[in-house]
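Please work through the exercises below with the sequence and the structure in view. Each task is followed by a solution that goes step by step.

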Amino acid sequence: MATKMLGGKNIEVTEEGYLINPDDWSKEVAIDIAKEEGLELTETHFKILDYLRSKFKAGETLTIRAINKSGIVDVKTFYQLFPGAPLRLSMKIAGLPKPTSCV
């Protein structure tokens with residue numbers, strides 16, 4: 001466990017940079033995490049992040065298929081917005097735990 005300055009406050013994160021406490025998240029925190037990952041967030045990014053956070057709070061399993069069915073973006077756009085490992089990266093920026101499906 002480590003502490004990082006994100007969104008103007010010290011926040012505990014895992015070794016991989018995921019927030020320990022999802023309640024520490026804010027849009028400013030998301031912007032700082034995204035910058036570390038080389039991304040500049042847009043309104044569409046925030047729609048996806050808000051969707052992920054709401055589904056997580058509801059106890060739902062988060063998958064790429066769920067993002068596709070969300071009506072926010074299709075899978076291709078999701079990969080473009082969060083390149084590489086989109087679910088892992090979007091969950092990290094959303095302040096949520098690393099998906100169990102990601103090694």
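**Exercise 1. Work out what span the 15 residues of helix 2 should have, and compare it with the distance between the end C-alpha atoms.**

In this predicted model, helix 2 covers residues 43–57. The expected span is 1.5 Å times one less than the number of residues, so the 15 residues of helix 2 should span 21 Å. The end C-alpha atoms of helix 2 are 21 Å apart, which agrees with that expectation. Just after helix 2, Gly59 takes a positive phi of about 80°.

**Exercise 2. Identify the buried residues of helix 2, and state which helices they pack against.**

A residue counts as buried when its relative accessible area is under 20%. In helix 2 the buried residues are His45, Phe46, Ile48, Leu49, Tyr51, Leu52 and Arg53. These buried residues pack against helix 1 (27–36), helix 3 (64–69), helix 4 (75–81) and helix 5 (86–93).

**Exercise 3. Describe where Leu19 lies, whether it is buried or exposed, and what it contacts.**

Leu19 lies in the loop between strand 2 and helix 1. Because its relative accessible area is 4%, Leu19 is buried. When neighbours within four places in sequence are left aside, the contacts of Leu19 are Leu6, Ile11, Glu12, Val13, Asp24, Trp25, Val29, Ile33 and Gly95. A further distance concerns Thr3, which is 16 residues from Leu19 in sequence and 9.5 Å from it in space, C-alpha to C-alpha.

**Exercise 4. Count the salt bridges in the whole structure, and examine the pairs Lys4 and Glu36, Glu16 and Lys98, and Lys47 and Glu43.**

A search of the whole structure gives five salt bridges. In general, side chains of opposite charge can pair when their charged atoms come close.

- The side chains of Lys4 and Glu36 form a salt bridge at 2.8 Å, N to O. Lys4 belongs to strand 1 (residues 2–6) and Glu36 to helix 1, so the pair ties together parts that are 32 residues apart in sequence. Lys4 counts as partly exposed at 25% relative accessibility, and Glu36 is partly exposed too, with a relative accessible area of 44%.
- Glu16 and Lys98 form a salt bridge whose closest N and O atoms are 3.0 Å apart. The pair links distant parts of the chain, with Glu16 in the loop between strand 2 (9–13) and helix 1 and Lys98 in the segment after helix 5, 82 residues apart. Glu16 is partly exposed at 44% relative accessibility, and Lys98 is partly exposed at 22%.
- Lys47 and Glu43 meet through their side chains in a salt bridge of 3.7 Å, N to O. Both residues lie in helix 2, four residues apart, about one turn of the helix. Lys47 is partly exposed, with a relative accessible area of 45%, whereas Glu43 is exposed, with 60%.

Methods:
Residues numbered from 1 in each chain as written. Predicted model: local features only at pLDDT ≥ 70, side-chain atom pairs only at ≥ 80, totals over all residues. Heavy atoms only, no water. Helix = DSSP H or I, 4+ residues; strand = E, 2+ residues; numbered from the N terminus. Buried < 20%, exposed > 50% of the residue type's maximum accessible area, 1.4 Å probe, protein only. Contact = heavy atoms within 4.5 Å. Salt bridge = Lys/Arg side-chain N within 4 Å of Asp/Glu carboxyl O.
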